[in-house]
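I'll jot down what I look up, one stop at a time.

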Amino acid sequence: MRALIDAHPDEAYVLVYGDIDRFKAYNDLFGTSAGDSLLADIGEMIRRNLPSNAAAARLRADHFIGCFPRSLFDADRMLAVFNDWFAAYRQDFTFFVRIGVYSIDDPELDVNLMCDRALLALRAAKSGSAGSRYVLYDETLRASLLKEQQMAGEMTTALDQGQFVPFFQPQYCYATGRMIGAEVLARWKHPKRGLLGPAEFIPVFERNGLISRFDYYMWDQACRCLRAWIDAHGRDAVPHLSVNLSRADIYRSDLCSYLKGLVERYDVPPSLLNLEITESAYMESPDQLVGAVMELRRAGFTVEMDDFGSGYSSLNTLKDVPVDVLKLDMGFLDARESSRGGLILASIVRMARWLNLPVIAEGVETQKQAAYLASIGCEYMQGYLFSRPVDRETFERMLMDGGRESVKRPIIENLQDDASEFWNADSPVTHFFNSYVGAAAIAEYDNRTLEIARANHQFAELFGMLDDLDAAERIRKDLLTQLLDEDRAALHEAILRAVRDRGDSESELRFRSGGRGRWIRVCIRLLSRAGNLSNLYLLAEETTQEQALRDRLAATRDTIPGGLAFYEVADRIRLLDFSDAAADMIGYTREEYQARTLDDALAVVHPEDRARVEAVAAELDAGASRSSCTMRVLRGDGKVAWLHLSASTMYRDETALYVVAVLIDVTNEKENEQRLKAQSELQCRLSDSVPCGIVRYTVDDEPRVLFVNRTGCEIFGYADFAAYRAGTAGGKIVPIHDDDDELHAKTVAALKAGAAPIGFTYRFVRSDGSMGWIEGTSALERDIDGRTVVQSAFLDVSDRQQKRYEQDIHRYSMVLCSVYDEIVEFDGENKTYRSLYSSGRTLADRTMPMEEALKFWTDHLPEPDDRLRLRAAIDECLADDGASPIACTYRMAFEDRSCWYQSILLRVSESAVLCCSKDVTEHVSNEDRRIMMRVLDTMGKLPVGVGVFAKRDGEVRLRYANDRLSTMFGDGLPGAPDNPDWDAPLELSEEVKRLDQRCVDQESSRMGTNWT
């Protein structure tokens, strides 16, 4: 450079200093070899474009300098050449070039000083606005440099003299208005320039390498404050303080050990000193930053990501750096609901919630911003709307006036064990989702919108998302808005069911895409929940053909006698739809019939007749247009019914046959010869072949049993009919439980009055004395001798009833054990007591005689009235119909304490009572105190003398006297301060005794004799 300038003394020159922004990022992404090649290629490009009478060189790293004749130099054209060359060099990375220009006015100036001045201009370009691609040196830059050097020189003295002071900007929970913490910000109390903000000196310290020493000083100041506040107000009243970690701090290998030593020196919990890092530190040294953060978190510090969103790799940073809290940069994200920034902000908050990260929004300045942040789930805020940064004294007043609370992590509830695997691109769940499950999607529901977060190819194809990208975007944003009002409401209700019941639900909807409409069935499963956000798994399939056939089925439903059913015949027979009459004729509700045939369309067909129905299906599949059969079906009540099935082909495609069947109940039809024969054959086989008990008996003046089949004998506990007759001789002809005799008599009376066959459920007594349950149907007929006979077919349902009872008891116990201290069962039939749950001690499922248990219980009740009332309540509940629970409150006495208990008695079956008890001593004591205080307050204001007396064991003592009564009797009054016999029993006059007896008699009359 010197030789060039000296060789052309008449030529005016400029010195250009430039470097490449993001060169370090290029090295990190593509490797140092690629970086070295880039520098060599830049040098070659500069050499090719270098004019005559000019010189250029690489000074260091990615810094280049050049000296050009002023007449030939054009900064804009030079930058354009650089930009065009970089754009063509590599299209997957964006380069930025900035230059500083020094116009050489004094050729005798040292070249090193010329370079320094050009470098000053380059730094100004880098620190200026985004459009500052180059800056020309002037004396103001030199003055700025001198000012920086002076400020850097004053730093040590300022630290020693305590000129740097912490200011605090509070952070608040918007919903409660309570402070959660504060960020520590530095201020310089300069002796000449006054109070300086961090923007005036922090960049200077960073450029001069003094920032780490300054940071250490501010950390120490923060710990001093925390220690002082803990000593003054206690640990729970002190908020966390957030301090900044600069990029230089991250490079220190002793960072964690220094911070640990600092909090140990001041005896401050690490959880109170939060550490803020910035995204820019990640780009410079990602591995070192990740390692430092992990070490700090293991040491107990909370690490916050500061200014999230302002960097150029926010998502990468969030993925790689395991921080605890996100601090959003509100200056970068314009938080208005209608803006793109507001949408981005909402997405970040939602993403943070699923990552279980609390979010603090910085720079909140308006109420509108705060309200919007709260509406998208950002609970914590910091900014001028709430408070400017304040000095220590002001902050301490704010803290004492407003209280504090802790930052809470979002609550995420995973309902499926592998829910998180859907977001792992390499997991088997993801592979299965993409390839094998059919049309599937993962959606997010917030009580208003259904956003498709992820959809496989089949789902996109089914909803027309592959052919219409605009429609696909609308569907992804909110599938609900793309549906008809009726279908939107139905799908919304199905989603609410899945979320509420934490299970599966489904809905059918109409959807139009690609010029055609179609019916789609959507099955919904809840995967996880976080607040009002729910992650859902959607599985969809097209049902257009099914729906068309259903519509044709519905059009003919009312004109067809009996019931209709619609089947698909392929590799198996599947029930697609049916009329309500089809379900009703075999004793099912629509929902029960649907559930019964979900996996097997022929589940209700008698096992011996399944082959008949399958033969009809095979005949239609072979080409017949119609086929029929008569079959037996198993009714919902356990009986067997006969149906005639007439099936026809409705539609056939490449993979399946669609069949409609007319079902007619022929069980009670006797006019047709075929039906009479079927019924006659059924009667002949009833004795031993049907899977139920059969009993026939007369209902005349001297009823007697005529026949019991083998199944019936086994149910009643007898080897055969002869043993049955011997066992019941002299007693009931049918061993129905005494409690159900009245119900049985009503059934017989109704049959004799002409009623159709009647279903029944009775308790019965086996030959060994145990009790069981039977269900069946009774019908009246005349036998060949003309006698009026009742014939009953029944099944033993004892196990089912017991299982149902045990399930109910288990559900009651599981629900009630979180509320009550003791749960027991009284069995009035077997006179037993069983302990189901006890919070105070570990109990097995223990059973003991009821009277023995009650005696043990009531022995702990000191008041006879309480014993009588508790036993009366139990007896009443056992004898009552159980429509309403019975509550009983009583006092219990133990060796070491006395307490009040409340028992709730609930009839849970014909013979059992559930008793749920809990200790209510605190509630009763608090209520007594409140009543006493109200009474005393009232009596103290009365214009007469008032006293409260307690009577126990025949003795009366004064417990309270208002001021007027004390004045009337003076020191002679029991309870007076100078009277040593204040608690002595009082002598009552005869008149007072008569009055007391009269009050007792009136109370006894009011309560009734059972409570005297």
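Here are my notes, starting with the whole chain and then going residue by residue.

**Entry 1: the whole chain**

First thing to write down: this is a predicted model. I looked up the secondary structure and got 34 helices and 38 strands. Next I asked how much of the chain is buried. Of the 1012 residues, 43% count as buried. The accessible surface comes to about 54000 Å², and carbon and sulfur atoms hold 50% of that. I also checked the contacts with a separation of 6 or more: residues 24 or more positions apart make up 54% of them.

**Entry 2: a negative patch**

Which residues gather in a patch of negative charge on the surface? I found Glu461, Asp467, Asp468, Asp470 and Glu473 there. Asp467 sits in the loop that runs between helix H18 (457-462) and helix H19 (469-477). Its relative accessible area is 73%, so I noted Asp467 as exposed.

How many salt bridges does the count come to? My answer is 47.

I started with Arg488 and Asp485, whose side chains meet in a salt bridge at 2.7 Å, N to O. Both residues belong to helix H20 (residues 485-501). They are 3 residues apart, which is about one turn of the helix.

Then I moved on to Asp487, which pairs with Arg510 in a salt bridge of 3.0 Å, N to O. Arg510 is in strand S18 (residues 504-513) and Asp487 is in helix H20, so this pair ties together parts that lie 23 residues apart in sequence. Asp487 has a relative accessibility of 3%; the cut-off for buried is under 20%, so Asp487 goes down as buried.

**Entry 3: from strand to strand**

I stayed with strand S18 and looked up Glu506. Glu506 forms a salt bridge with Arg521, and the closest N and O atoms are 3.9 Å apart. This pair links distant parts of the chain, with Glu506 in strand S18 and Arg521 in strand S19 (residues 516-530), 15 residues apart. I compared the two for cover: Glu506 is partly exposed with a relative accessible area of 44%, and Arg521 is buried with 9%. I also noted a network: Glu183, Glu276, Lys327 and Glu362 are joined by salt bridges that share partners.

**Entry 4: a histidine in a loop**

Where does His606 lie? I found His606 in the loop between helix H23 (590-596) and helix H24 (610-621). Is His606 buried or exposed? With a relative accessible area of 9%, His606 is buried. I then looked up what His606 touches, leaving aside its neighbours within four places in sequence. The list reads Arg632, Val633, Leu634 and Val640.

**Entry 5: two positive phi angles**

I went looking at backbone angles next. Asn53 has a positive phi of about 60 degrees although it isn't a glycine. Asn53 is in the loop between helix H3 (32-49) and strand S2 (55-60), and is partly exposed at 35% relative accessible area.

Lys831 went on this page too, with a positive phi near 55 degrees in a residue other than glycine. I placed Lys831 in the loop between strand S31 (822-827) and strand S32 (832-838). Its relative accessible area is 54%, so Lys831 is exposed.

**Entry 6: a proline**

Last stop: Pro703, in the loop between strand S26 (693-698) and strand S27 (705-708). I wrote down partly exposed for Pro703, with a relative accessible area of 40%. Leaving aside its neighbours within four places in sequence, Pro703 is in contact with Thr698 and Ile733. I also looked up Pro703 against Val789: they are 86 residues apart in sequence and 9.4 Å apart in space, C-alpha to C-alpha.

Note on methods:
Residues numbered from 1 in each chain as written. Predicted model: local features only at pLDDT ≥ 70, side-chain atom pairs only at ≥ 80, totals over all residues. Heavy atoms only, no water. Patch = residues over 30% accessible without salt bridge, like charges linked within 9 Å, V, L, I, M, F, W, Y side chains within 5 Å. Areas by Shrake-Rupley, 256 points an atom, 1.4 Å probe, with all protein chains shown as cover. Salt bridge = Lys/Arg side-chain N within 4 Å of Asp/Glu carboxyl O. Lys, Arg positive; Asp, Glu negative; His and termini not counted. Charge placed at Lys NZ, Arg CZ, Asp CG, Glu CD. Helix = DSSP H or I, 4+ residues; strand = E, 2+ residues; numbered from the N terminus. Buried < 20%, exposed > 50% of the residue type's maximum accessible area, 1.4 Å probe, protein only. Contact = heavy atoms within 4.5 Å.
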